[in-house]
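Please read these notes with the model open beside them.

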Amino acid sequence: MRYNERELLSLARQPAEKAAEILMRVPKKGSVLKKRLVKLVVNFLFYFRTDEAEPIGALLLEHCRITKEEENVFSISFIEEPERKYCFECDSEEQCQEWIEALKRASYEFMRRSLIFYRNEIQKMTGKVSPLK
Amino acid sequence: MKLNERSVAHYATCDSPTDHAGFLRKRVERHHHHAHHHHGTSYQRRWFVLKGNLLFYFEERESREPMGLVVLEGCTVELCEAAEEFAFAIRFDDAGARAYVLVADGQAAMEAWVKALSRASFDYMRLVVRELEKQLEEACKSLAACCKSPRRSSSSGRKRHLSNPALLPLQEKPAVVENGYSTWGSGIPGGTTCPDRDGGHTKPPPLPPRRRSAAGSAVGFPAPSLLPTMPESPVSLETDCFSKLHSWYGQEIAVLRREWQERQKRGHP
(Lines give C-alpha, C1' and ligand atoms only; values in the text may rest on other atoms or scores of the structure.)
Protein backbone atom coordinates (compact mmCIF):
# COMPACT_ATOMS: atom_id res chain seq x y z
CA MET A 1 0.00 0.00 0.00
CA ARG A 2 1.42 3.33 -1.01
CA TYR A 3 1.30 6.24 1.36
CA ASN A 4 2.61 9.77 1.53
CA GLU A 5 5.61 8.99 3.67
CA ARG A 6 7.03 12.44 3.27
CA GLU A 7 3.97 13.99 4.89
CA LEU A 8 4.04 11.40 7.66
CA LEU A 9 7.65 12.26 8.36
CA SER A 10 6.68 15.90 8.44
CA LEU A 11 3.89 15.06 10.87
CA ALA A 12 6.42 13.29 13.09
CA ARG A 13 8.22 16.60 13.48
CA GLN A 14 5.10 18.45 14.66
CA PRO A 15 4.53 19.32 18.32
CA ALA A 16 3.44 16.21 20.14
CA GLU A 17 0.50 15.58 22.44
CA LYS A 18 2.89 13.51 24.44
CA ALA A 19 6.50 12.44 24.06
CA ALA A 20 8.83 10.45 26.24
CA GLU A 21 11.68 8.00 26.21
CA ILE A 22 10.13 4.65 26.88
CA LEU A 23 11.30 1.07 26.55
CA MET A 24 9.54 -0.50 23.65
CA ARG A 25 9.25 -3.95 22.20
CA VAL A 26 7.75 -4.73 18.82
CA PRO A 27 5.75 -7.91 18.19
CA LYS A 28 8.46 -9.66 16.27
CA LYS A 29 10.05 -12.93 17.23
CA GLY A 30 13.12 -12.46 19.39
CA SER A 31 12.45 -8.78 19.83
CA VAL A 32 13.66 -7.16 23.05
CA LEU A 33 12.86 -3.98 24.92
CA LYS A 34 14.72 -1.01 23.49
CA LYS A 35 14.79 2.57 24.56
CA ARG A 36 12.83 4.68 22.11
CA LEU A 37 11.61 8.21 21.87
CA VAL A 38 7.88 7.73 21.58
CA LYS A 39 5.82 10.61 20.27
CA LEU A 40 2.06 10.94 19.98
CA VAL A 41 0.88 13.25 17.19
CA VAL A 42 -2.80 13.27 16.26
CA ASN A 43 -3.74 9.62 15.73
CA PHE A 44 -0.22 8.39 15.08
CA LEU A 45 2.35 7.11 17.49
CA PHE A 46 5.85 7.62 16.15
CA TYR A 47 8.88 5.94 17.61
CA PHE A 48 12.48 7.01 17.13
CA ARG A 49 15.90 5.80 18.10
CA THR A 50 16.76 8.25 20.83
CA ASP A 51 19.47 10.00 18.85
CA GLU A 52 17.79 10.11 15.45
CA ALA A 53 15.63 12.78 13.87
CA GLU A 54 13.63 10.48 11.66
CA PRO A 55 11.29 7.90 13.18
CA ILE A 56 11.87 4.19 12.75
CA GLY A 57 8.17 3.66 12.54
CA ALA A 58 4.64 4.88 13.00
CA LEU A 59 1.51 3.25 14.36
CA LEU A 60 -1.89 4.46 13.23
CA LEU A 61 -3.99 4.41 16.38
CA GLU A 62 -7.38 3.48 14.94
CA HIS A 63 -9.15 0.30 16.00
CA CYS A 64 -6.45 -0.45 18.48
CA ARG A 65 -6.64 -1.76 21.97
CA ILE A 66 -4.58 -0.20 24.74
CA THR A 67 -4.09 -2.70 27.54
CA LYS A 68 -2.50 -2.39 30.93
CA GLU A 69 -0.07 -5.24 31.29
CA GLU A 70 2.12 -5.79 34.30
CA GLU A 71 3.50 -3.01 36.48
CA ASN A 72 4.57 0.07 34.48
CA VAL A 73 3.77 -1.72 31.25
CA PHE A 74 1.05 -1.18 28.66
CA SER A 75 0.58 -2.61 25.22
CA ILE A 76 -0.97 -1.57 21.94
CA SER A 77 -2.55 -4.17 19.72
CA PHE A 78 -4.94 -4.01 16.80
CA ILE A 79 -8.39 -5.49 16.49
CA GLU A 80 -7.62 -7.92 13.75
CA GLU A 81 -4.48 -9.26 15.45
CA PRO A 82 -4.98 -8.97 19.19
CA GLU A 83 -2.04 -11.21 20.11
CA ARG A 84 0.47 -9.08 18.27
CA LYS A 85 1.40 -6.56 20.93
CA TYR A 86 3.62 -3.54 20.94
CA CYS A 87 4.81 -3.34 24.54
CA PHE A 88 5.89 -0.23 26.38
CA GLU A 89 7.60 -0.20 29.75
CA CYS A 90 7.37 3.14 31.51
CA ASP A 91 9.42 4.58 34.33
CA SER A 92 6.49 4.64 36.70
CA GLU A 93 2.93 3.50 37.12
CA GLU A 94 1.83 7.11 36.87
CA GLN A 95 3.52 7.58 33.54
CA CYS A 96 2.00 4.31 32.38
CA GLN A 97 -1.54 5.45 33.26
CA GLU A 98 -1.00 8.84 31.61
CA TRP A 99 0.02 7.18 28.37
CA ILE A 100 -2.88 4.75 28.49
CA GLU A 101 -5.34 7.61 28.93
CA ALA A 102 -3.75 9.70 26.20
CA LEU A 103 -3.61 6.84 23.72
CA LYS A 104 -7.21 5.83 24.31
CA ARG A 105 -8.29 9.31 23.32
CA ALA A 106 -5.94 9.58 20.40
CA SER A 107 -8.13 8.19 17.68
CA TYR A 108 -10.43 9.85 15.23
CA GLU A 109 -13.03 7.23 16.11
CA PHE A 110 -12.91 8.30 19.75
CA MET A 111 -13.53 11.90 18.76
CA ARG A 112 -16.37 10.82 16.54
CA ARG A 113 -18.06 9.04 19.44
CA SER A 114 -17.50 12.09 21.63
CA LEU A 115 -19.07 14.30 19.02
CA ILE A 116 -22.15 12.13 18.77
CA PHE A 117 -22.44 11.94 22.52
CA TYR A 118 -22.10 15.68 23.13
CA ARG A 119 -24.48 16.48 20.34
CA ASN A 120 -27.11 14.15 21.80
CA GLU A 121 -26.65 15.48 25.30
CA ILE A 122 -26.97 19.06 24.14
CA GLN A 123 -30.06 18.19 22.21
CA LYS A 124 -31.61 16.53 25.24
CA MET A 125 -30.83 19.48 27.43
CA THR A 126 -31.66 22.32 25.15
CA GLY A 127 -33.65 20.88 22.31
CA LYS A 128 -31.15 22.37 19.92
CA VAL A 129 -29.61 20.27 17.24
CA SER A 130 -26.11 21.13 16.18
CA PRO A 131 -24.52 19.92 12.96
CA LEU A 132 -22.48 16.78 13.13
CA LYS A 133 -19.46 18.37 11.59
CA MET B 1 9.82 4.36 7.96
CA LYS B 2 7.66 1.44 8.98
CA LEU B 3 3.92 1.72 9.29
CA ASN B 4 1.46 -0.80 10.70
CA GLU B 5 0.21 -1.33 7.18
CA ARG B 6 -1.80 -4.46 7.80
CA SER B 7 -3.81 -2.73 10.49
CA VAL B 8 -4.18 0.39 8.39
CA ALA B 9 -5.45 -1.66 5.46
CA HIS B 10 -7.86 -3.44 7.75
CA TYR B 11 -9.13 -0.12 9.05
CA ALA B 12 -9.64 1.04 5.47
CA THR B 13 -11.90 -1.86 4.60
CA CYS B 14 -13.75 -2.44 7.84
CA ASP B 15 -17.20 -1.03 8.47
CA SER B 16 -16.15 1.92 10.60
CA PRO B 17 -17.82 5.18 9.56
CA THR B 18 -16.87 6.58 6.22
CA ASP B 19 -16.96 10.34 5.84
CA HIS B 20 -17.13 10.31 2.08
CA ALA B 21 -16.63 7.88 -0.78
CA GLY B 22 -16.78 7.88 -4.53
CA PHE B 23 -14.93 7.56 -7.78
CA LEU B 24 -12.32 10.16 -8.61
CA ARG B 25 -9.81 10.33 -11.33
CA LYS B 26 -6.35 10.64 -9.93
CA ARG B 27 -3.64 12.31 -11.90
CA VAL B 28 -0.70 10.06 -12.50
CA GLU B 29 2.51 11.66 -11.32
CA ARG B 30 5.56 10.82 -13.26
CA HIS B 31 8.87 11.08 -11.51
CA HIS B 32 11.01 10.48 -14.55
CA HIS B 33 10.50 11.96 -17.93
CA HIS B 34 10.94 9.06 -20.20
CA ALA B 35 10.89 9.46 -23.89
CA HIS B 36 7.17 9.27 -24.32
CA HIS B 37 5.46 10.24 -27.48
CA HIS B 38 3.86 13.13 -25.65
CA HIS B 39 4.00 14.59 -22.18
CA GLY B 40 0.30 14.81 -21.58
CA THR B 41 -1.01 14.06 -18.15
CA SER B 42 -3.07 10.97 -17.63
CA TYR B 43 -5.60 10.09 -15.00
CA GLN B 44 -6.67 6.85 -13.46
CA ARG B 45 -10.08 6.24 -12.06
CA ARG B 46 -9.97 4.96 -8.51
CA TRP B 47 -12.44 4.37 -5.72
CA PHE B 48 -11.73 6.79 -2.89
CA VAL B 49 -12.79 6.39 0.73
CA LEU B 50 -12.37 9.11 3.34
CA LYS B 51 -12.22 7.99 6.95
CA GLY B 52 -11.32 10.74 9.35
CA ASN B 53 -7.97 12.20 8.34
CA LEU B 54 -7.16 9.29 6.06
CA LEU B 55 -7.97 9.19 2.37
CA PHE B 56 -7.71 5.70 0.95
CA TYR B 57 -7.92 4.78 -2.68
CA PHE B 58 -8.67 1.42 -4.19
CA GLU B 59 -8.03 0.09 -7.64
CA GLU B 60 -11.65 -0.97 -7.88
CA ARG B 61 -14.64 -0.40 -5.66
CA GLU B 62 -14.64 -4.09 -4.75
CA SER B 63 -10.93 -4.33 -4.05
CA ARG B 64 -10.16 -6.01 -0.77
CA GLU B 65 -7.17 -3.86 0.02
CA PRO B 66 -6.37 -0.22 -0.58
CA MET B 67 -3.83 0.68 -3.20
CA GLY B 68 -2.80 3.76 -1.34
CA LEU B 69 -3.34 6.19 1.47
CA VAL B 70 -3.05 9.93 1.72
CA VAL B 71 -2.68 11.17 5.29
CA LEU B 72 -4.53 14.46 5.41
CA GLU B 73 -2.65 16.47 7.99
CA GLY B 74 -1.01 19.74 7.14
CA CYS B 75 -2.73 20.08 3.81
CA THR B 76 -5.06 22.39 2.00
CA VAL B 77 -7.64 21.53 -0.60
CA GLU B 78 -8.14 23.88 -3.49
CA LEU B 79 -9.79 24.03 -6.85
CA CYS B 80 -7.39 23.35 -9.59
CA GLU B 81 -6.48 25.23 -12.69
CA ALA B 82 -5.81 21.97 -14.47
CA ALA B 83 -6.94 21.28 -17.96
CA GLU B 84 -9.62 19.08 -16.49
CA GLU B 85 -12.97 20.35 -15.37
CA PHE B 86 -14.02 19.54 -11.77
CA ALA B 87 -10.40 19.14 -10.71
CA PHE B 88 -9.12 19.92 -7.25
CA ALA B 89 -5.82 19.45 -5.54
CA ILE B 90 -4.63 18.36 -2.13
CA ARG B 91 -1.51 20.36 -1.38
CA PHE B 92 0.79 20.04 1.56
CA ASP B 93 2.47 22.79 3.54
CA ASP B 94 5.77 21.16 2.85
CA ALA B 95 6.88 23.05 -0.23
CA GLY B 96 8.62 20.24 -2.00
CA ALA B 97 5.81 17.77 -1.57
CA ARG B 98 3.83 16.65 -4.53
CA ALA B 99 0.18 17.59 -4.78
CA TYR B 100 -2.57 15.11 -5.43
CA VAL B 101 -4.72 16.24 -8.31
CA LEU B 102 -8.13 14.65 -8.36
CA VAL B 103 -11.01 14.99 -10.77
CA ALA B 104 -14.63 14.53 -9.81
CA ASP B 105 -17.52 13.48 -12.02
CA GLY B 106 -19.33 16.75 -11.81
CA GLN B 107 -19.75 20.04 -9.98
CA ALA B 108 -21.73 18.64 -7.07
CA ALA B 109 -19.32 15.76 -6.55
CA MET B 110 -16.36 18.11 -6.66
CA GLU B 111 -17.89 20.46 -4.11
CA ALA B 112 -18.80 17.59 -1.82
CA TRP B 113 -15.28 16.22 -1.94
CA VAL B 114 -13.63 19.58 -1.38
CA LYS B 115 -15.90 20.21 1.59
CA ALA B 116 -15.30 16.79 3.11
CA LEU B 117 -11.55 16.92 2.62
CA SER B 118 -11.26 20.43 4.03
CA ARG B 119 -12.76 19.22 7.29
CA ALA B 120 -10.84 16.00 7.48
CA SER B 121 -7.97 16.96 9.72
CA PHE B 122 -7.69 15.68 13.23
CA ASP B 123 -7.28 19.22 14.53
CA TYR B 124 -10.49 20.35 12.92
CA MET B 125 -12.39 17.49 14.52
CA ARG B 126 -10.80 18.26 17.85
CA LEU B 127 -11.98 21.87 17.61
CA VAL B 128 -15.51 20.76 16.83
CA VAL B 129 -15.57 18.35 19.78
CA ARG B 130 -14.09 20.96 22.06
CA GLU B 131 -16.73 23.45 21.00
CA LEU B 132 -19.54 21.01 21.72
CA GLU B 133 -18.00 20.20 25.07
CA LYS B 134 -18.16 23.88 25.93
CA GLN B 135 -21.74 24.11 24.76
CA LEU B 136 -22.69 21.18 26.95
CA GLU B 137 -20.93 22.76 29.88
CA GLU B 138 -22.86 25.98 29.25
CA ALA B 139 -26.12 24.08 29.03
CA CYS B 140 -25.36 22.25 32.28
CA LYS B 141 -24.51 25.49 33.99
CA SER B 142 -27.63 27.28 32.91
CA LEU B 143 -29.79 24.37 33.99
CA ALA B 144 -28.00 24.26 37.31
CA ALA B 145 -28.55 27.97 37.70
CA CYS B 146 -32.25 27.53 37.04
CA CYS B 147 -32.68 24.90 39.71
CA LYS B 148 -31.37 25.42 43.24
CA SER B 149 -27.62 25.10 43.50
CA PRO B 150 -27.13 21.39 43.51
CA ARG B 151 -25.79 19.34 46.35
CA ARG B 152 -23.33 16.92 44.88
CA SER B 153 -23.73 13.34 45.93
CA SER B 154 -20.68 11.76 47.45
CA SER B 155 -18.55 10.87 44.58
CA SER B 156 -15.10 10.11 45.78
CA GLY B 157 -14.96 6.80 44.10
CA ARG B 158 -17.54 7.57 41.52
CA LYS B 159 -15.41 9.20 38.92
CA ARG B 160 -13.54 6.00 38.46
CA HIS B 161 -16.70 3.97 38.13
CA LEU B 162 -17.88 6.06 35.27
CA SER B 163 -15.94 4.84 32.36
CA ASN B 164 -15.56 6.66 29.11
CA PRO B 165 -15.82 5.10 25.69
CA ALA B 166 -12.10 4.78 25.53
CA LEU B 167 -12.21 2.32 28.37
CA LEU B 168 -15.10 0.35 27.00
CA PRO B 169 -14.69 -2.34 24.45
CA LEU B 170 -14.69 -0.72 21.07
CA GLN B 171 -18.21 0.08 20.03
CA GLU B 172 -19.90 2.52 17.76
CA LYS B 173 -22.04 4.34 20.31
CA PRO B 174 -21.74 5.08 23.99
CA ALA B 175 -23.77 2.67 26.11
CA VAL B 176 -26.71 3.84 28.17
CA VAL B 177 -26.91 3.17 31.89
CA GLU B 178 -28.98 0.07 32.43
CA ASN B 179 -28.60 -0.71 36.08
CA GLY B 180 -30.06 2.61 37.22
CA TYR B 181 -33.58 1.38 36.61
CA SER B 182 -33.77 -0.71 39.73
CA THR B 183 -33.24 2.41 41.80
CA TRP B 184 -35.93 4.42 40.08
CA GLY B 185 -38.49 1.65 39.87
CA SER B 186 -40.98 3.33 42.16
CA GLY B 187 -40.94 6.64 40.39
CA ILE B 188 -38.98 9.77 40.98
CA PRO B 189 -38.91 10.93 44.57
CA GLY B 190 -38.77 14.62 45.20
CA GLY B 191 -41.74 15.53 43.05
CA THR B 192 -40.26 16.40 39.74
CA THR B 193 -42.63 18.16 37.47
CA CYS B 194 -41.97 16.74 34.09
CA PRO B 195 -43.44 18.26 30.97
CA ASP B 196 -44.36 14.87 29.74
CA ARG B 197 -47.57 15.74 28.00
CA ASP B 198 -46.49 18.73 26.04
CA GLY B 199 -46.06 16.90 22.78
CA GLY B 200 -42.59 16.69 23.91
CA HIS B 201 -40.04 17.47 21.30
CA THR B 202 -38.41 20.59 22.56
CA LYS B 203 -38.31 20.60 26.33
CA PRO B 204 -36.08 18.25 28.21
CA PRO B 205 -37.27 17.28 31.68
CA PRO B 206 -36.19 19.66 34.44
CA LEU B 207 -33.34 18.55 36.60
CA PRO B 208 -34.57 16.71 39.69
CA PRO B 209 -33.20 17.30 43.18
CA ARG B 210 -29.93 15.62 43.95
CA ARG B 211 -29.98 11.98 44.84
CA ARG B 212 -27.43 9.30 45.10
CA SER B 213 -27.30 7.45 41.85
CA ALA B 214 -26.64 3.80 41.37
CA ALA B 215 -23.02 2.96 41.06
CA GLY B 216 -22.35 3.54 37.42
CA SER B 217 -21.22 0.83 35.22
CA ALA B 218 -20.86 1.52 31.58
CA VAL B 219 -22.00 5.07 31.15
CA GLY B 220 -20.29 5.48 27.93
CA PHE B 221 -19.34 9.05 27.64
CA PRO B 222 -15.96 10.47 27.00
CA ALA B 223 -13.93 12.31 29.57
CA PRO B 224 -13.18 15.85 28.50
CA SER B 225 -10.70 16.10 25.75
CA LEU B 226 -7.17 16.48 26.90
CA LEU B 227 -6.50 19.30 24.54
CA PRO B 228 -3.11 20.34 25.78
CA THR B 229 -2.02 23.90 25.88
CA MET B 230 1.47 22.57 26.00
CA PRO B 231 2.84 19.13 25.37
CA GLU B 232 2.71 16.56 28.10
CA SER B 233 0.63 18.62 30.49
CA PRO B 234 -1.67 16.53 32.63
CA VAL B 235 -5.41 17.06 32.86
CA SER B 236 -6.01 20.69 33.69
CA LEU B 237 -7.97 21.91 36.65
CA GLU B 238 -10.73 22.98 34.36
CA THR B 239 -11.27 19.59 32.84
CA ASP B 240 -11.04 17.91 36.22
CA CYS B 241 -13.95 19.98 37.56
CA PHE B 242 -15.90 19.64 34.37
CA SER B 243 -15.56 15.91 34.30
CA LYS B 244 -17.12 15.70 37.76
CA LEU B 245 -19.96 17.91 36.66
CA HIS B 246 -20.23 15.91 33.52
CA SER B 247 -20.30 12.54 35.25
CA TRP B 248 -22.92 13.72 37.64
CA TYR B 249 -25.24 15.08 34.97
CA GLY B 250 -24.51 12.40 32.46
CA GLN B 251 -25.70 9.56 34.58
CA GLU B 252 -28.79 11.36 35.82
CA ILE B 253 -29.73 12.46 32.38
CA ALA B 254 -29.44 9.03 30.85
CA VAL B 255 -31.85 7.66 33.44
CA LEU B 256 -34.24 10.59 33.28
CA ARG B 257 -34.34 10.52 29.53
CA ARG B 258 -35.34 6.91 29.51
CA GLU B 259 -38.12 7.52 32.02
CA TRP B 260 -39.28 10.56 30.14
CA GLN B 261 -39.42 8.62 26.92
CA GLU B 262 -41.36 5.83 28.58
CA ARG B 263 -43.89 8.31 29.90
CA GLN B 264 -44.12 9.80 26.44
CA LYS B 265 -44.92 6.42 25.00
CA ARG B 266 -47.61 5.80 27.57
CA GLY B 267 -49.13 9.17 26.78
CA HIS B 268 -49.44 8.27 23.12
CA PRO B 269 -51.68 5.22 22.81
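1. Met1(A), Tyr118(A) and Met125(A) supply 13% of the area that chain A buries against chain B, more than any other three residues.

2. This is a predicted model, in which local features need pLDDT of at least 70 and side-chain atom pairs count only at pLDDT 80 or more, while totals for chains, interfaces and linings use all residues. Residues are numbered from 1 along each chain as its sequence is written, and side-chain values use heavy atoms, without hydrogens and water.

3. In contact (heavy atoms within 4.5 Å) are 59 residues of chain A and 72 residues of chain B. The rule finds three salt bridges across this interface, a salt bridge being a side-chain nitrogen of Lys or Arg within 4 Å of a carboxyl oxygen of Asp or Glu. Glu81(A) forms a salt bridge with Arg6(B), with the closest N and O atoms 2.8 Å apart.

4. Strand S7 (residues 73-78) of chain A is largely enclosed by the rest of the structure, because six of its six residues are buried. Buried means under 20% relative accessible area (1.4 Å probe, protein chains only); strands are DSSP runs of E, at least two residues, numbered from the N terminus.

5. S7(A) runs antiparallel to strand S6 (residues 64-68) of chain A, joined by five bridges; strands pair if DSSP finds at least two bridges between them. Cys64(A) stands opposite Phe78(A).

Note on methods. Chains are lettered from A and ligands numbered from 1 in the order in which they are written. Buried means under 20% relative accessible area, exposed over 50%, partly exposed in between (1.4 Å probe, protein chains only). Helices (H or I, at least four residues) and strands (E, at least two) are DSSP runs, numbered from the N terminus. Buried area is the accessible area (1.4 Å probe) that two parts lose on being put together, summed over both.
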